[in-house]
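Thank you all for making the time this morning.

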Amino acid sequence: MTLWITLGVILLVLVLLILYVIVVYNGLVTLRNNIDKAWSNIDVLLKQRFDELPKLIKVCEGYMQHERQTLEAVAKARSMISNAQGNQEKLAAQNTLSDTLRSLFMVVERYPELKADKVFKQLSARITEIEEMIADRRELYNESVNIYNIRIEQFPDVIVARLFNFANRELWRIDPAHRADVTVAFQSN
Amino acid sequence: MPKERKRLLIVNKVSPGVEGLESLPAKLAKRFGLDAFAVRQSLLGQGIALLTTGPDEQLDKITPLLTAQGIEHWLVDPTPPRFAPARVQGFRLGGESLTFLTGDQEVTLDGESRVLAVLADLSGAVVDRDLKRLLVQNAYRGAAALSHLDDDELIKTALQHQPVLDLYLLDADYRVRTGVRIFAGRFDPQGLGEHKSYSVAGNLKAILRLIRERAADVELRCDFGLAALPGCALKRVPPGEAPGREQLAPLTRFGWLMADLWRHQIAAEEASRAAAAAAEVPAALAAVMGGPAAAVVATAAGVKLPGMEEVAAALGEDSPVKPAPASQRTPLPLPEELPPLRRHSRHLLLRVFLVAAGVGMALFGVIGETVTQMVRQGMRNGLLPALFAGGAFWGSFYYLRLKRQLENLPTSKIRSVALGLVEVHGRARRKYAVVSPMTQQPCVFYRLRKLRRNHENQSWDEVSTSDCGPVPFAIEDDTGRLTVDPRGAVLKPRHRQEGLPGQMSMLLMAASVADPTEKWIEEIIPEGAPIYVVGYASAPRPASSSLRERTVAALRELKQNRHLMHQYDADGDGHISSDEWQVAREEIEERVLRHSLAASEEDGPRPSSVVIGRPARRDLPFIIAETASEAHLTRGYGVLSAIFLVFGLGLAVLALTRLVDF
C-alpha cells in the first residue's frame, strides 16, 4: 500500500514539475518574441521618420539655397537606409541619418524665415516627437532584453533555458562616437 | 501722537489656471516676508481679498509684481466710517426721485445721485450656500473649475433669508455723503405707491429697481461675508433675532470700504482715459505705462479704453494673463448609466471554490440519502478530494502564470506606447465626473458593498454590491496621457473605507452606533492615485480620412476637372505629360499637407487616440491596480499561487490515501 502511495506522490510531483516546465518554457518563448516585437516597433517609427523626411527637405530647399551640402547629406543618409543589408548596417545607417538631421536642425538656426515657416515648425516638431518615441522604444527594447537575459540566467529558469537552447540577446548599443566627451571651445576675440 | 495709518493692498482674486501664479506666493514670501500660504489664499479664487497691509514703500514694491502677473489690485487708504447708515422707516416717491424717511432726516435720491448699494444677508445663508457650492464643484469638477455664486443667485439667496440693504449716496468725488439702511420688513412700504408688494423680498426688489431707474450711477455689492477684508467678517444673526451693533458694525465698515474701492476704480479709469486722449495712440500708451497686463486687465475688468482691447488682443499671446487650459475650465461630463462591472477573477475563483465546498457540505446534511451516499462514496474512494486538488492546482498555475506574465512585461512610456499587450504606470485622471457615494471623493472607480451581521457566527455577510460601472478614465505619466476602458478589467482599488448607516461623515465613525447590524464598505481608486495598468492597447480608426486618402481624393478631383488640368499644361500641347503630371502631383500633395497642418493647428493638440482595453484573447491579462509598485501586485499573486499549491498538495495526498485504501 505504501508503495502505491509513494508511486502516486512521485507521479504527482512529476506531473507538477512538467507543468512548471511548460509554464517556464512558454514564458521564455513569450519573452523572446517580446524582444522581436519591441525591435519591430522601433522599425515602425523609423519608417515613419523615413516617410516624413522628403517633406521636410522640400520645405527646407525653398529657404536654404546655400546649404545644398547639408540637405544632400540628409537625403543620402535616407537612401543609405533603403540600401542597407542586415541589422548592423541598418542600425549604422539610422545613426547616420540621426546625425545628419541634427546637423540640419543646427544649420536651420541661421534661417529665421525658415524657422518661422508654419509647415517647417510642424514637420520638425513631428520629427522631434518621432525621435523621442524612438528613444523610448529603444529603452523598452533594452528592458525586454534585460528581463529575458536575467530570466535565462536565474534558477530554475536556467535549467529550462539550457535544455531548450535559449541564448542571450544583445542590448541596443549606441555608436561609440556618441560616448565621447563633448568639447566646448569658446572663441575669444 | 497720531496713530500711523496703513494702506491696504486689496486684490481681485484670479483663477488657479493663470500661468506663473504658482511661483508668486513664494516670491512675495521671500522678498517681503509675507506668509506664502496666506498670499495664495488671497490670490486664488473669486472676489476681492486683502493681500497685505504695511508701509507704503513695501506696498509700492509689491504692486509692480501684481501688475506683471495681471492681477487687478487697489492700494486703499480706508476711510474710517464716520457714521452708520440711518434706519429707513418709510419712503416718498417723486416723479424722478425717491426719498428715504428716517426718524430725523430725509435722504433724497435723484438723477444726479451716485449710489453704492450693499445687499447683505446677516443669517449667513449666502456664505453657507456659496461654500456648499464650492465643495460640490470641487468634488465633481475639480479645483480648477470652481465658481462662486453670481449676483443673481446672491440676491435671490439673500432676499430669502435676513436681508439688509445699505445705501450710500456719494458726492462728486465718490466720497460717502450720507447713507441709509433698510431692514427687510421693518419699514412702511406705503410710500412705494404702486411699486409696493405684500412680500418682504418683493419690496426690497422694488426698491432696488427704483434706485436703478432714478440714480445716475449705481454700484451693487452682494459679496458681504464672502470677501476676505479686515473688520468685515460676517457675524451671524440667529433666525428671528434682530441684528445688534455687533453684527452691523462689520457691514458698515464693508460699505465704506467699497465706496473707497469704487472711488479708486473711477480715478484709475479717468486717468487712463486722459492719458489715452493725450497720446492719440491710447492703446500703445496704456501698454507702455501699465505694461501689456494693464491693457489686458483693464479689458478684462470691463474698463473701456479706446484701443485697449486691440492691445490686449495683440499682446494677449505674450501676456502673463492666460486663461486656464480648456481642460481645466470645462467641467467634466457626467458618466453614462453603465451596467456594473464583473467582480474580478480572484474573487470569482475563490467563490467557485467555496461554493463547491459549501454545496458539498450542504449535501451531507440536507439533501436526500442517495446524493449523500454518493458524496460519502466520493470522499471515501478519494475522487472528491482529487477533484478539489485538481481545482487547487489549476488555481496555483493560473496565478503563477499571471505573476510571470506581469513580471515579463516591460513598462512602456505613454508617449510611445505600441499597440498590443502593454504595461503602463501613471496617475489616474478622470474623464467623467465620477464621485464616490460615501466619502464624496473624486475617483475613477468605486465599489460599494453592503454587509449585514450574521448573529449566528458574528460574521459579516455581503448583502449587495454596486459600482460605478465601466466608466473610461485616463492614465497620465510624464510623457502623455491615454484612455483606459475598464470593461472586463480586474480592478484592484486600495483605498477602503468602512461606514455605518446614518453617518454624516467618516470622521464621525468613532461616535457611531456601538453594535450595528449593517455596514458599508467603499473601495475606490481616487483621482491622482498611482495606478498600474496591463492591457491591450489599440487605436480605434479616426473618423476623418488619412492624409494619403485626402491626397488621392484631391488628385482624382483634379483629373476630373479639365479647366484645372489645363493650368498644368506647361507646353500648351493639350495633354499632360509625365513631367507636368509630376509637377501637378507635388503641388497637390503640398497643398493637402498644408491644409492638414493648418487644420490640426486650429484643432489644437489632439489627444492620443490609443485606448487600453480588454485583450481579445481571454488568456491575456487586463488588470488595473492602484499601486505604485508592480512587485506589490506580483507578490500577492505569488502568495496566492503558493496557498493553492499547498492546499492542492494536501488534498492530493488525501485523495491518494483514500484511493489506495479503496
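This is a predicted model: local features need pLDDT of at least 70, side-chain atom pairs count only at pLDDT 80 or more; totals for chains, interfaces and linings use all residues.

B:Cys443 takes part in no disulfide, and the nearest cysteine sulfur, which belongs to B:Cys468, lies 6.2 Å away. Another cysteine, B:Cys232, is buried as well, with a relative accessible area of 1%. How many disulfides does the structure hold over all chains? The count is zero.

Chain B has 662 residues, of which buried ones make up 42%, and its secondary structure comprises 17 helices and 23 strands. If we take the contacts in chain B between residues at least 6 apart in sequence, we find that 71% of them join residues at least 24 apart.

Let me move on to one sheet in chain B. This is an open sheet of four strands, in the order β15-β14-β20-β19, and the pairing is antiparallel. Which strands stand at the edges? They are β15, covering residues 459–467, and β19, covering residues 495–499 of chain B, and since each has a single partner strand, one side of each is left without a neighbour in the sheet. From one strand to the next, the twist averages 25°.

B:Arg496 stands opposite B:Glu523 in β20(B). The salt bridge I would like to point out here, however, is the one that B:Arg496 forms with B:Glu498, where the closest N and O atoms are 3.6 Å apart. B:Arg496 is partly exposed, at 47% relative accessibility, and B:Glu498 is partly exposed too, at 26%.

That brings us to salt bridges in general, and the count over all chains comes to 27. One of them joins B:Arg7 and B:Asp56, with 3.0 Å between the closest N and O atoms. B:Arg7 lies in strand β1 of chain B, residues 7–12, and B:Asp56 in helix α3, residues 56–69, so this pair ties together parts that are 49 residues apart in sequence. B:Asp56 is partly exposed, with a relative accessible area of 35%.

A second example sits within one helix. B:Glu407 and B:Lys403 meet in a salt bridge of 3.1 Å, N to O, and both lie in helix α13 of chain B, residues 383–408, four residues apart, which is about one turn of the helix. B:Glu407 is partly exposed at 25%, and B:Lys403 is partly exposed at 22%. There is also a network of salt bridges that involves both chain letters, linking A:Glu132, A:Asp136 and A:Glu139 with B:Lys413 and B:Arg415.

Is B:Arg221 buried or exposed? With a relative accessible area of 17%, B:Arg221 is buried. Its side chain makes a polar contact of 2.8 Å with that of B:Asp223, and, leaving aside residues up to four places away in sequence, B:Arg221 touches several others, including B:Ile48, B:Leu116, B:Phe254 and B:Met258.

The other residue is B:Thr108, in strand β7 of chain B, residues 106–109, which is partly exposed, with a relative accessible area of 35%. Again not counting residues up to four places away, B:Thr108 touches B:Ser97, B:Leu98, B:Thr99, B:Ser113 and B:Leu169. With B:Thr99 there is a polar contact between the side chains, at 3.2 Å. The C-alpha atoms of B:Thr108 and B:Leu93, which are 15 residues apart along the chain, are separated by 9.6 Å.

Notes
Residues are numbered from 1 along each chain as its sequence is written. Chains are lettered from A and ligands numbered from 1 in the order in which they are written. Side-chain values use heavy atoms; hydrogens and water are left out. Two strands pair if DSSP finds at least two bridges between them. Helices (H or I, at least four residues) and strands (E, at least two) are DSSP runs, numbered from the N terminus. Axes are lines fitted to C-alpha atoms, for helices over the stretch in contact, and angles run from 0 to 180 degrees between N-to-C directions. A disulfide is a pair of cysteine sulfur atoms within 2.5 Å. Buried means under 20% relative accessible area, exposed over 50%, partly exposed in between (1.4 Å probe, protein chains only). Contact means heavy atoms within 4.5 Å. A polar contact is a pair of N or O atoms within 3.5 Å; within protein, one must be able to donate a hydrogen and the other to accept it, and residues adjacent in sequence count only if both atoms are side-chain atoms. A salt bridge is a side-chain nitrogen of Lys or Arg within 4 Å of a carboxyl oxygen of Asp or Glu.
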